[in-house]
Amino acid sequence: MQALGRTQVLPRRGGREHWPDGSQERQVERFYSTGGDSYHDVRGGFLSFGLRTRVGMTYEEATLEEAYYMGKLAEFTRQSIVLDVGFGNGTQDIVWLERWAPDRIVGIDVTYAHVRRAQERAARMGVPETKMMFQHGSATALSFSEASFTHVIGLESPPHFDTRERFFHEAYRVLKPGGRIVLADYSLERDPATFFERMLVRQGARLWHVPEKNIYGRDGYIRRLRNAGFYKIHVERRGADVIPGYVADHRQSEALWQTMKVRGFWQGVVGGSIIDTAVLKLYERGLLEYIFVTAEKPPIKDGEAV
């Protein structure tokens, strides 16, 4: 695909990829496809954990707050051309478009049910095809030309990538000089100290389809971004405002009922509860942290990168 010009009309629907058996992409697509075609606009259409900046926030308020916070970190303008990797239902993209009116938002996701759902959501809201496009694909093998975007955004999707480090290199490639990457992600806060902690980390990752190569701490995260070429790297720890509140909210009867309507009892309620418990235990033991990450691709100065 060529770099996105201002006059190019973007198709509402793209093609479907067929991931090889046993691939990370196929496993993640299967995991998120359950309920992906449901027409229930459950919990505001958001899939993220949310950011709780005050006591008593509902899930919808917390996820909307997180979407706004990501937009603030990105510093969107009307000239921004945004790539959202792993967009879920595309709800945050609608928020960004309405709040900041960037020139264009392009989303890519390995789950085809998400693509269809996001396309339908954008169409129902009357979003012009020149403003927003969602397509099926992998963040580790982007089909865009170099320097196509001013921003690359990942809202809790990077843990699933095979690998996150490959994605960093792809994000750097498609960003324009001076472009910014903004991520909401997870990292290890410390190394597991016991056999039980090592098993807790591995099993939590396995249940949530996170490759072992993506399990590392803040220093490893920064080093990989630097190796990809990024600078001005900032990592903000916000687990206290994210993880406990999300798990508590998700355990409420109404939330469980809504989840069951969409994803079923076994995968939605039972499987989801197991994953939530694992995430909470990892956080409480000081092993897991929720982070917001920003970094930039160096600008061009006198024909050379700074």
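Biologist: Where is T163 found?

Modeller: T163 is in the loop between β4 (149-155) and α5. This is a predicted model. The peptide bond from D162 to T163 is cis in it, with omega near 0°.

Biologist: Which residue has a positive phi although it is not a glycine?

Modeller: E75 is one of them, with a phi of about 60°. E75 sits in the loop between α2 and β1. At 52% relative accessibility, E75 counts as exposed, because the cut-off for exposed is over 50%. K232 also has a positive phi, of about 50°, and is not a glycine either. K232 belongs to strand β6, and with a relative accessible area of 54% K232 is exposed.

Biologist: How do I read two packed helices?

Modeller: Two packed helices are described by the angle between their axes and the distance between the axes. Take helix α2 (residues 59-74) and helix α3 (residues 91-100): their axes come within 10 Å and cross at roughly 55°. That angle makes α2 oblique to α3. The crossing of α2 and α3 is right-handed.

Biologist: Which residues in α2 and α3 meet?

Modeller: From α2 they are L64, A67, Y68, M70, G71 and K72, and from α3 they are Q92, V95, W96, R99 and W100. By class, this contact of α2 with α3 has seven nonpolar, two polar and two charged residues.

Biologist: At what angle do the axes of α5 and α7 cross?

Modeller: The angle is roughly 40°, and the axes of α5 and α7 come within 9 Å. The crossing of α5 and α7 is right-handed. R164, E165, F168, H169 and Y172 in α5 meet Y221, R224, L225, N227 and A228 in α7. Sorted by class, the contact of α5 with α7 has five nonpolar, two polar and three charged residues.

Biologist: How should I read the buried residues of a helix?

Modeller: Start with the geometry. An α-helix has 3.6 residues a turn, so residues three or four places apart point the same way. In helix α7 (residues 218-228), the buried residues are G220, Y221, I222, R224, L225 and A228. Their cover includes α5 (164-174), β5 (175-188), β6 (231-237) and β7 (288-296). Just after α7, G229 takes a positive phi of about 115°.

Biologist: How many aromatic pairs does the structure hold?

Modeller: The structure holds 19. In one of them, the ring centres of Y68 and W100 are 6.2 Å apart and the planes are at 65°, so the pair is edge-to-face. Y68 lies in helix α2 and W100 in helix α3, so the pair ties together parts that are 32 residues apart in sequence.

Biologist: Is W100 buried or exposed?

Modeller: W100 counts as buried, at 14% relative accessibility. Y68, with a relative accessible area of 29%, is partly exposed. For a second pair, take F87 and F134: their ring centres are 4.7 Å apart and their planes at 50°, so the pair is tilted. This pair links distant parts of the chain, 47 residues apart, with F87 in the loop between β1 (81-85) and α3 and F134 in strand β3 (residues 132-136). F87 counts as buried at 1% relative accessibility, and F134 is buried with a relative accessible area of 2%.

Biologist: Which residues form one aromatic cluster?

Modeller: F49, Y59, Y69, Y186, W208, Y246, Y290 and F292 form one.

Biologist: What does G86 touch?

Modeller: Leaving out residues up to four places away in sequence, G86 touches Q92, I108, D109, L155 and S157. G86 lies in the loop between β1 and α3.

Biologist: Where is I274 found?

Modeller: I274 is in helix α9 (residues 253-284). At 44% relative accessibility, I274 counts as partly exposed. I274 and L207 are 67 residues apart in sequence, and 8.4 Å apart in space from C-alpha to C-alpha.

Biologist: And the protein taken as a whole?

Modeller: The protein has nine helices and nine strands. Of its 306 residues, 55% are buried. Among contacts between residues at least 6 apart in sequence, 80% join residues at least 24 apart.

How values were computed
Residues numbered from 1 in each chain as written. Predicted model: local features only at pLDDT ≥ 70, side-chain atom pairs only at ≥ 80, totals over all residues. Heavy atoms only, no water. Axes fitted to C-alpha atoms, helices over the stretch in contact; angles between N-to-C directions. Helix = DSSP H or I, 4+ residues; strand = E, 2+ residues; numbered from the N terminus. Parallel < 35°, antiparallel > 145°, perpendicular 65-115°, else oblique. Left-handed = near helix turned anticlockwise from the far one by under 90°. Contact = heavy atoms within 4.5 Å. Nonpolar A, V, L, I, M, F, W, Y, C, P; charged D, E, K, R; others polar. Buried < 20%, exposed > 50% of the residue type's maximum accessible area, 1.4 Å probe, protein only. Phe/Tyr/Trp six-rings, centres within 6.5 Å; stacked < 30°, edge-to-face > 60°.
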